[in-house]
Amino acid sequence: MAATSSSILLSNGTVLIHDEEDHLTPVKADILIAGNKIVKIAPSVAPSSDTIHIDCTGKILSPGFVDTHHHMWQTQLKGRHADDLLLDYMVKGNFVYSMFSPEDVFWGELGGCMESIDAGTTMVVDHAHMNYSAEHSSSALSATVASGIRSYFCYSPVPQAPVASLAPYSFGTNTADWAAEQLADLAANQPFGNGRVRLGVAFDAYYLPKDIVVSLFEKARGLGVKLFTSHYVRGPLGAQSFVDILDSYGLLKDDILLSHASQAKPEDAVKLVAKHAHVSSTPDTELQMAVGTPVCFRPDLHKISSLGIDCHSNNSADLLSQMRLALQSARGTHNQRFIAEGKLPRTVNATAEQAFNLATIMGARAVGMEAEIGSLAVGKLADIVIFDALSPGMICATEHDPVAAIVLHASVRDIEAVIVDGRIQKHKGKLVPVEVENKIMEWPQVAAKLLDSRQRLQDKLEAADMDSAKKAVIELFRIDERIIVDNP
Ligand SMILES: [Zn+2]
């Protein structure tokens, strides 16, 4: 099967169509793709002679998933955070970025993008905070383009502190001069990958003086950047409202996407909704790392919410898991309030359709791309996931409710094909090869590169003094150590 063709016909599938109120209707139909767009959805479409024809009998055709918060570079760090809290992750994960060479970043990023495509994610917001040098970001961007995914590559114009010494562990400083230059250069040359990869900004440096923050946002907006993403967690880890800061600086508008927004104040929600800004909940990392319960079903934040993975070093990169975790944890929290009063709720809280929308059309809105992606409609970009509805997991569920089949019964193994921008990136359950420096690479070859890179990083990491590392991170973030207490 060739990965590209001028047209692709997906015939006789169950196509999930959104209406104007975001309700989904399953329709038996054919989808015709020409170039990178959906050009026809109809009961029967005749293929022309050069059309790739995929028989979708027994399949569900879903919009590609939109992941609105993810650090795509972290593949080599998988498996080591299973029992970590945020501070442990910061030490063993986040700050390891300065031990990555540009080559390590390339393979990490490529692995992350390929895992996401395999899992049906066609669009990702990459909070690319591994910006240790200009080469690190260039490598990550090249890997993103090579992978075939659609991305908002959110560049970090204020690089994180680099690790200066591993034992005892200490941080140095990273000047931002080269980063400002690279941001301007990337902005002038975007988009990349035939329009698939756009430039955004990842910004977490709200501790900087107002004039610097304002000038950075205004310059980037002037350069044509259309998405700004920031981590925002209130509670023990942060008393400040970044929403208040953005609003008081005159910067809060519809191009702002805040990841987590855990413990956001009701006043934050009012401001975010009024300015058409958005939030991204990442249930796995939020629930595990004591960040807070996901806000995506909070009544005051739901309609501006979306879903993200955050760290595929910590959890799998499939939004199927995040939809389910978000839905069931919201229901559990809601139900418990009734149970605690000796009562029962009359109806369930939150629906499978809402969870599905968080990962599709609402994700598209969060990145300002609802006219282009997030649903299956004529004129939209061809980002499509094909599920095998006859699999052991999905059988019989599809006949009753295809949305429930995806949200509650599907797993990555049921994703038979993934199309991004009109190109087939996964076919018959397998990722298609990628092209790296004019060489075609199958997944096992990428996997071998990742294993080599992981070992190199592991050798470096073993020289780190982890006890002093945790202290250094606590100092760097000015965390009052008295808030960290033992389990009862
Ligand atoms: Zn994050």
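Predicted model: local features only at pLDDT ≥ 70, side-chain atom pairs only at ≥ 80, totals over all residues.
1. A contact here means that heavy atoms come within 4.5 Å of each other. Of the contacts with a separation of 6 or more, 74% join residues 24 or more positions apart.

2. Next, the overall build. You will find 15 helices and 20 strands in the protein. The C-alpha trace spans about 65 × 65 × 40 Å along its principal axes. The radius of gyration is 22 Å, which agrees with the value near 23 Å that a compact globule of 488 residues would have.

3. Now to the inside. Buried residues account for 56% of the 488 in the protein. The largest nonpolar core holds 66 residues, and Phe 153, Phe 217 and Leu 272 are those with the most contacts inside it. Helix H5, residues 210–222, gives the most to this core, contributing five residues.

4. Phe 217 deserves a look of its own. Leaving aside residues up to four places away in sequence, Phe 217 touches Phe 203, Tyr 206, Phe 228, Leu 246, Leu 251 and Ile 256.

5. As for charge, the protein carries 42 positive and 58 negative side chains. Where do the centres of the two sets lie relative to each other? They are 3 Å apart.

Key. Residues numbered from 1 in each chain as written. Heavy atoms only, no water. Helix = DSSP H or I, 4+ residues; strand = E, 2+ residues; numbered from the N terminus. Rg over C-alpha atoms; globule rule 2.2 N^0.38 Å. Buried < 20%, exposed > 50% of the residue type's maximum accessible area, 1.4 Å probe, protein only. Lys, Arg positive; Asp, Glu negative; His and termini not counted. Charge placed at Lys NZ, Arg CZ, Asp CG, Glu CD. Core = buried A, V, L, I, M, F, W, Y, C linked by side-chain atoms within 4.5 Å.
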